[in-house]
Amino acid sequence: MVNVKGVLGGGACAGLVALLVIPAAPPLQPPEIRFRQTAERAGLNFIFMNDPTPQKYMIEGVPGGVAVFDYDGDGRPDIYFTNGASVPSLEKFDPKFLNRLYRNEGGMKFSDVTAAAGVGGAGYSMGAAAADYDNDGHVDLFVTGVNRNVLYRNLGNGKFEDVTAAAGIRSAVWSAAAGWFDYDRDGLPDLFVVNYLKWSQGLDRFCGKPEIGLRIYCSPSYFEGLPNTLYRNLGNGKFEDVSVKSGVASHPGKGMSVAFADYDSDGWPDAFVTNDTVANSLFRNKGDGTFEEVALNAGVAFDPAGKAISNMGTDFRDYDNDGRPDLIITALSKQTFPLFRNDGNGGFADAGYTSGLSRLSVDASGWCAGFVDLNNDGWKDIFTANSHVNDQVERLESTAYRQANSIFMNLGNGHFSDVSAAAGADFQARRAHRGCAFADFDGDGKLDVVVSALGEPAELWENVSPGREHWIDIQLVGRKSNRDGIGAKIHIGTQVNHMTTATGYASSSHTPVHFGLGTMQQIGTVEIDWPGGRKQVLHNIRADQTLKVVEEF
C-alpha cells in the first residue's frame, strides 16, 4: 500500500500533463468475467440457520446480511455473517446460531475468530453495517435484527465491546438493514436504521392453500409498515434519535435496504430506501438537518409501470460514467430488476428496457445487488444474489425457489449482457441466496464476492477473470471529514465513484474505492471531493496498487 497525502488544487505537479484514464468509448470486446467457488478451500464453513418452521413465521424467509471490513487493520478484508436464532424463542441457544467473524489470513484462507472477538450476537439477526463511527482508526459494526439491534465498538486489540445501551441505540422493532453516512457533515458517521414490518408471532396468519395443506410465507401486505430510524452521532460515544425532527419518521414504509449518494450534486448525502410492496423512499438531504421525501417526484417510488413491487436490494452508483449516481433494485421474478438512470435534473429515467436489463432479469428473483467493475474495464457491471422468497413457489408458479446468481456485464454503450452462464461451471449453483459483499480478498486487483444462503453453505466467489486490465483501489483517511471518508467522491477520467459501505441487501462492504482502468498503466489525475466541499488532486499515479490518501487540511 502506498500512502499519499496528495496535492491540493494542483500544487507542485500542476504543470504536468494529465493523462486520460478511461477512454470515452467502450471497449469493442469487453474482457471476460470468470469466478471460482473457493469457500470450502478458504475455510468458510458458514451456514445461515434461519430455523424454518411449519408455521412459516415471516422472519424466516428474509434474513442473511453480510459485512466485509478489515477489523484488525492488517490490510486484508475480513468477513462477518449474521445468523438466525431458535424459533419461536428468537434466542441463540445453540452455537450453530451464532453470527460469525472470519479473519482473512492471506492466500484466500480464513479462520473463525468469533469467540475471541466477542461478536457472536444475540437474537435473530438480519443485517450488518460497518464503519469507524468514533474515528479511532478501528472499524466498528452495527447488527440489525428482530427486536434486537447491537452496536459493537472495535477496541483495536482483536476484540469488540457491545455498547448498544450506552450509545443510546434502541431495539424495539424489526430492523432489516442499516447504513452509515455523515448526513450533517460534522465529521461523525451517523446511523440510518431500516425498519421492516410490525411483526409478532401472534400476527402471523395462515397463507397459502389450506385445501391441499400448502402453507407459505405471507405477503408483507398483511402487515403494517414502520418508519425508519435516524441516529445522529454526538461524538462522545452516544447517539441521538433524530428520526422525528429530521422528517424521516414521517414516511413509514416496509424497508429492506438503504443506499447513500449525493444524487442532486448539492454536496449533501441523500438516502434511498427500498420498500417491500409499497413505494420506495428517496430522502433528499436539505442541508439543515432535515430531509424531504421525493421518490415519487424523482421517479423512483415505483417500477416503470407505476406499480409497487417487491423491492429488496439496491446500490446507488454511476454505472454509465456520466458523473451522476444511478440506482439498481432487485425484485421477484416477473417484476424485473428496475434500473434508474440519473437524468441530472433532480430525477431519474427508466433504463431497464433501454439497457436490456428488464428482459435479462424477468425470470430472476434477486436480493443483493451491486454496481461493481468485475473485469476492470472501467465500466461497472451488476452482480445480483438470487432466490425466490417463497420456498414452495414451484407448486404455485413456473419459477424456482433456489436460483443461481447473476452477472450482467456493462457493455459501455448503455446496454448490459447476461454473462452468468459463462462465469464458470460452479457459478450455476442454485441456492437460497440472500446477502452479499464485495472485496478484493486475495489482493490481486480483482473484486471477489461473498454470498450468504439460507440453510446452505455460504459462497466465496474468487474472481479468476483472465484479462490483465489495470486497476487502482483508493483508501481514504479523513481528518476534517469522518475517518472512513464516507461520502467523498472520487473522479478518475470519466469515472466517478464514492466512498460508501452500504451496498446490496442488508449488507456492507467497507473497502477501498475500486476503479478498473482497462489498458491504462498511469493515471494522470485523481480528484477527490471530500465531504464539506474540500478538493484534493493527485497527479501521475501508478496503476495496480492500493493508494492510501490522507485528507489535506
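A residue counts as buried when its relative accessible area is under 20%. Keep that cut-off in mind as you look at this model, which is a predicted one.

You'll find Ser-358 in helix 7, which covers residues 357–361.

What is Ser-358 in contact with, once you leave aside its neighbours within four places in sequence? The partners are Thr-336, Gly-352 and Tyr-353. Take Thr-336: it sits 22 residues from Ser-358 in sequence, yet the two C-alpha atoms are 5.1 Å apart in space.

## The chain as a whole

Now zoom out. The protein chain has 553 residues, and buried ones make up 60% of them. Its secondary structure comes to 39 strands and seven helices. The radius of gyration is 22 Å, close to the 24 Å that the globule rule gives for 553 residues, so the chain is as compact as a globular protein of that length.

If you follow the C-alpha trace along its principal axes, it spans about 80 × 50 × 50 Å. Of the contacts with a separation of 6 or more, 62% are between residues 24 or more positions apart.

## Empty space inside

Rolling a probe the size of a water molecule over the atoms shows where empty space is left. How many cavities of 30 Å³ or more turn up in a search of the whole structure? The search finds three.

The largest cavity has a volume of about 230 Å³. It is lined by 21 residues, and the closest to its centre are Arg-317, Val-372, Asn-497, Thr-511 and His-514. Four elements are listed as giving two or more residues to this lining: strand 25 (366–372), strand 29 (433–439), strand 34 (495–498) and strand 36 (513–518). Strand 36 provides the largest share, four residues. By type, the lining splits into nine nonpolar, nine polar and three charged residues.

Definitions and conventions:
Residues are numbered from 1 along each chain as its sequence is written. This is a predicted model: local features need pLDDT of at least 70, side-chain atom pairs count only at pLDDT 80 or more; totals for chains, interfaces and linings use all residues. Side-chain values use heavy atoms; hydrogens and water are left out. On a 1 Å grid over the protein atoms alone, a cavity is a set of points where a 1.4 Å probe fits but cannot get out, and a pocket is an open set with protein on both sides within 12 Å along at least five of seven lines; lining residues have an atom within 4 Å of a point. Grid points are joined across faces, edges and corners, and a volume is the space filled by probe spheres set on the points. Ala, Val, Leu, Ile, Met, Phe, Trp, Tyr, Cys and Pro count as nonpolar, Asp, Glu, Lys and Arg as charged, and the others, Gly among them, as polar. The radius of gyration is taken over C-alpha atoms; the globule rule is 2.2 Å times the number of residues to the power 0.38. Buried means under 20% relative accessible area, exposed over 50%, partly exposed in between (1.4 Å probe, protein chains only). Contact means heavy atoms within 4.5 Å.
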